[in-house]
Amino acid sequence: MVEPVNSSLGKMLFEEVSPVVMVLCTPLVEETFLKNGLSLVETLKPFCNFSNIDVPVRTSGDQLYRLKKFTLRLFYASDIRQPNVEVAKQRLEHVITQAGEKDFQDLKSDPPQITDILSNSGSEIAPTWFQYYNKELIRTLSFSDHEAFDHPVACLLVVSSKDEEPISKFVALFNTGRLPSLLNDGAMDPKILKHYLLVHDNQDATTERTSKVLSEMRSTFGNNECNLLCTNSSKEGDVEHQANPWASFKSSVSADKLGCALTGDDIVEIKDLMQEFASRHIIPYMEQKVRELNQQISATRKGLRNQIKNLWWRKGKDDVPDSTKGSMYTFSSTESQIRILGDYAFMLHDYELALSSYRLISTDYKLDKAWKHYAGVQEMMGLAYFISDQSKKEAEYCMENAFSTYMKLGKSGFQNATRCGLWWAEMLKARDQYKEAASVYFRICGEEPLHAAVMLEQASYCFVLTKPPMLHKYGFHLVLSGDHYKNCDQVNHAIRTYRSAISVYQSTTWSLIKDHVYFHIGQWYAIVGMHDVAVRNMLKVLDCGYQSKATQEIFLRDFFNIVKKTGMKHEVVGLQLPVINMSSLQVIYEDHRTYASQTSALVDESIWQSLEDDIIPSLNSGKSNWLELQSKLLPKKYRESNVCVAGESVKVDLEFRNPLLISTSITSVSLICELTANTDDLKLDKEPSSLSLGPESSSDHNQGTASGFYSFTLSEVDFTLGGGEKKLVRLEVTPSEEGILKIVGVRWELSDSIVGVHYFQSVLVKAKTNKGRRKNKLTPTDALKFLVIKSLPRLEGSIDHLPEKLYAGDLRYLVLELTNKSESPIKNLKMKISHPRFVNLGNQEEELPTEFPDCLMKGHEQKIVQHETNRTSSVFAFPKGVSLQGDRSLRWPLWLRAAIPGTMSLYFTIYYEMENVSSIMKYRTLRMQYNLKVLPSLETSFEITPSPSRLQEFSYCFQIQQLSTVGCRWGISLLQPVDTILPSKSLLAGQALSCFFMIKDCKKSGTEEEKTMSLPASQTDVKLFTQDDNEKLFDIVNSPLASFHESERSCQGASDQVNPNTVDFILISRLANSSNPSAVPDSSIFLSHHSCHNSIRSSSPLSWTLDGPQTIYHNFSSSLCEIKLKMIIRNTSDGLASVSIITIDSLPDAAGPTPPTVNQSGWRYVPSVTEEMKLTSDVMGSRLGKPPSSMESSPPFIWSGLSSTKVQIQPLSTTDFPLQISVFSPGIYNLASYKLNWELSEHEKASSSGTCQGYPYYITVLQSE
Amino acid sequence: MANTACFIIVGRNDIPIYEAEVGSAAKREDAAQLHQFILHAALDVVQDLAWTTSAMFLKSVDRFNDLVVSVYVTAGHTRLMLLHDSRNEDGIKSFFQEVHELYIKILLNPLYLPGSRITSSHFDTKVRALARKYL
């Protein structure tokens, strides 16, 4: 903290609170001095500050002290009056305007950084003109009647020696009519110190006359009071002063002209004169006056008696009206005298005396309710406390008191309050109480905007100087101040304050604040004509989605207006409108991998890689794969870059978002690219600055440096973004030459007036196609760098009319069309499909001979082509001869079958090699992807149960058009006509249908090898349902049904392929015309359902049958009837079976559940032999029917021959076994009274055993005639 | 209910994470930014005051003309700032306390990243209801 005396307030007080000397002079004197370009007062002014006057002073006490510093203020008598408020105002305004013009040049530069501001020391922050302004402001209040320090202490009367009758002139000068009103209306004592000065102009006056006048003067006014000043000693008037003393006082005229007629001697004379005047006359005079007054006041006012008397007397004066207005205190009143005493003492630096006088008088004023005087005294008390470095609290209290008192006076006191506030603020600043100082500045803002602006700005600088700096407040007050400046058209100042405020707000996230500041400063820059800076600032408010629509419109309108005024197309890096979503950036390019469609390009690379693994050649065995091969072929330098082919476009997907509520049209969106020749000089691209503004420079990028003209073509996109809309835009660049292509950024035009540029650098790029595999090497910028190689043939492929939705089992005929647009041929086509279960390739190129689906019917002779090797790997190699070139297209048949319901992505990849192209790229692949949605349709289930009574016949249930068994082994026949099962001929949704069929093993017993015997077609296929009679059956042996079946087999039956006793079914159905709109749109032709590896559901390894006559006529009277039977037993298992046949003649008496009933004899029930046997799956059920209630004790027949036999049966073989029964009477006999005990010994497994009950077998024996 | 009231939650780093004009007076365009300015400027004072007391409610810390800034500082140094022209200190205190509770609930949401903007409409409705109740 500085000493109060040396603080700025201290200095200010020395200047402002100092004795005033009234100057009265004749016109001739003025004329003399005007030769130097200066008036009399101006000439003398520089010599009125005495820094070391060293005059001993004794005031009230006995102690002598020495005055070191002293100042005199010189004023013409005509100036000693209260200044006109309006004039003063204009002068202040002028000061500000001038300062604003001076600052104008700085405005172009960037706003200062906050750190710079903080590192500056206090005095550097605020502009220097503030001091000047404050001084001027205080000066507007000088010579008020309630204060005494502005009252002239002395009067300097100046007469030129050239004047006629100088003595009478001296007298005339001090004529009461010309004296200032202060002296005339009694506010101050007209008896003041007078000093007489005779000016002698060396240029045109004679010395004789001067000396004569001087002696005359001396005799008239006294020796001491008269002085002679000789000036203008230089005849030529061309004296140059090294350090011109007037320069700092009068800056308007060129400084070197000032005082041109004054020699050094003249200056010394002036100096001496003033020093003598001050030390010999003024100070002693004041000293004496102080003593005088002090004595007087001590007598009247000091002491207890006087105090009481005073109080008593004052009380009586309570009702004096309107004490503030009139000058109730004349110079002769005690109060005024005390005030004068205080002020004189203050000016003589005797602060103790000053304080005591002020204290004395302040109570009086308070009692008198003379508020203005009271406030003035309080103010002086505060200053006296401060400058004498006494109690801080007291000082502040006094200032506060004075300030609020002034404020209470209303408008009239405001000026005084302002001065008081300024002093108070200075006082606080001197004590480092900046925060308080700021609040004081804030309080003296007042209503006048210009004044308020200056005060607010000063307040803001105080906030920076507080420890710690209050930057938020700083910014806020700057903004307030700027608004005020703007209100009174001080745009330069407004910009200056806002510019400083930006340093606070530039990183803020308080959006409204930021927008306000940038928008307004932009507007103002536009007003002063700095359109480019205006645009730069306005850019920051464009991303204002949170503002209301009206505000956004204002922002945009103003912005575009300003842009238009600049008259050129600005290019802005980092334009916020529209916002680019960098994470959406996707680069799609094709090197050896080409894509048929957009969607296929977006498929994860790993899917394609796994699909392509076995069709892409790998030259190096072992670890190296085709990727490494590819990179080996490339020059090492370019290995990092991606490869693209000349003439083929690189696509970039980028998402633009409009942050505003207003729709915006964006035109000419294109990429910024660089294509350098494929030479070694990979030039380093210049780093674009973060926010550069200027004429179009990005178009420079869009040139091939080698050729000078555009060696690539760019796509341009125009679109309109509605409020808040997002759009994914596809941009393309197509290089036409070899070289290195670099995608640098994107540019767009906004409303035809401004060009936005966005550089991709230092942004993570999601380069889709090479993600993952080169991760370790690739930096994001490299992902946008492409090695352009010579143009290559590119295969295009599509599958026509591939349905998006279809039903499970739907079978379609499609055509794959491949085209090669270029002239050079391609060969070695190979294709792989991700889901061979769904898609099958046809066999030849030519079109189908007949319309689908007739071609699938039997009768069309087609060669059965086997693709065993291809099928397994699901790679289809096109015939060697197939080669494509020159816009020729290849049409290849394709079968699609929706195998399972669900959503499916089918991936096709076609590999091809280039002929005659010497390039680093030997082959390419075409990738196609299609999405299928498969809806569930018919659900089929098959169940096969062995026929109990017949060998190798099974019945099962299913559900429509044709049912076929696959292969030649199984014959199939219908058990029931379809019409009886399903009269409506179609299955409705949700309906279930069971049908029963009989299938028969057509293979000859005992032979294991496949026989190529051809069964009649009717045996493997069953037509369930005919619309017209001549409709043919579907051919299941030929492609594509056969091949689909093949893949179905492998899919369905991976688990148990060992069981040879399985049967595969294909159910072919047709979709009835339905009116359901949600169904698959194009009617599918027919559906096929494959069910594979159906095996017989049976636990027993044996099947057998009894073979014998049905009806026998026998004459029982002669003998009993012996009937020979044959039992054929088949071992259906894999192991060796040993079977023992046990015949049971008599029943055990006990009616246990285990033994089979053999009692069903006699004429009880004769089933109709012709009746179709209908058996459910539970074949045993009918046999375990309840025994008849009446039982006969003796069996009607007995088993003759062996009662127990054991046979060995080889696996999957059949044995005959003879049996014989003896019947004693005619009747129908059920020969079920036997059982088979079997024991199975398989190769490894433990042997199993079991018992089978006999089947009912009815034999009718009749009495022969 | 107060004529003018602007409520802002300021997270660390002086980033506003929630803003609401809760006054009953008709919304004026330029008022919104003035409110922001005043509240933003008051941050300096809050910074000083927050460490001088252990109370969370700092009462009115700053004023601009007839607008007063009241502040409530949570333990995590999130500042709930209210700009108001009414003098209902008890109401403001209750308002702050209840909003603090709401804010804690927001913080407990595992999907909310502390310091990010509060976008919950539920929170917004609740705050406005509290403002109607207390201010």
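**Two chains and how they meet**

Of the 135 residues that make up chain B, 51% count as buried, where buried means under 20% relative accessible area, exposed over 50% and partly exposed in between (1.4 Å probe, protein chains only). This is a predicted model, in which local features need pLDDT of at least 70, side-chain atom pairs count only at pLDDT 80 or more, and totals for chains, interfaces and linings use all residues. Residues are numbered from 1 along each chain as its sequence is written, chains are lettered from A and ligands numbered from 1 in the order in which they are written, and side-chain values use heavy atoms, with hydrogens and water left out.

Q: In what order do the elements of chain B run from the N terminus on?
A: Let's start with the parts: chain B has 3 helices and 5 strands. Helices (H or I, at least four residues) and strands (E, at least two) are DSSP runs, numbered from the N terminus. From that end on, the order in chain B is β-β-α-β-β-β-α-α.

Q: How much area do chain A and chain B bury between them?
A: The size of an interface is often given as the accessible area lost when the parts come together. Here, buried area is the accessible area (1.4 Å probe) that two parts lose on being put together, summed over both. Carbon and sulfur atoms hold 65% of what chain A and chain B bury, and the total is about 2000 Å².

Q: Which three residues supply 40% of the area that chain A buries against chain B?
A: On the contact count (heavy atoms within 4.5 Å), 22 residues of chain A meet 22 residues of chain B. Three residues of chain A give more of its buried area than any other three: His472(A), Phe476(A) and Trp510(A).

Q: Which residue of chain A forms a salt bridge with Asp48(B)?
A: A salt bridge is a side-chain nitrogen of Lys or Arg within 4 Å of a carboxyl oxygen of Asp or Glu. Between chain A and chain B the count is 2 salt bridges. In the one with Asp48(B), the closest N and O atoms are 3.7 Å apart, and the partner is Lys435(A).

Q: Which helix gives the largest share of the side of chain A that touches chain B?
A: The elements giving two or more residues to this side are helices H18 (434-443), H20 (471-487) and H22 (511-527) of chain A. The largest share is 6 residues, and it comes from H20(A).

Q: How far apart are the closest N and O atoms of Arg291(A) and Glu287(A)?
A: Arg291(A) and Glu287(A) are 4 residues apart in helix H11 (residues 264-300) of chain A, so about one helical turn separates them. Arg291(A) is partly exposed at 30% relative accessible area, whereas Glu287(A) is buried at 11%. They form a salt bridge, with their closest N and O atoms at 3.7 Å.

Q: How many residues apart are Arg443(A) and Glu400(A)?
A: These two form a salt bridge, with closest N and O atoms 3.2 Å apart. Arg443(A) lies in helix H18 and Glu400(A) in helix H16 (residues 392-408) of chain A, so the pair links distant parts of the chain, and the separation is 43 residues.

Q: Is Thr210(A) buried or exposed?
A: Thr210(A) lies in helix H10 (residues 207-221) of chain A. Leaving out residues up to four places away in sequence, Thr210(A) touches Ser161(A), Leu198(A), His200(A) and Leu228(A). With a relative accessible area of 2%, Thr210(A) is buried.
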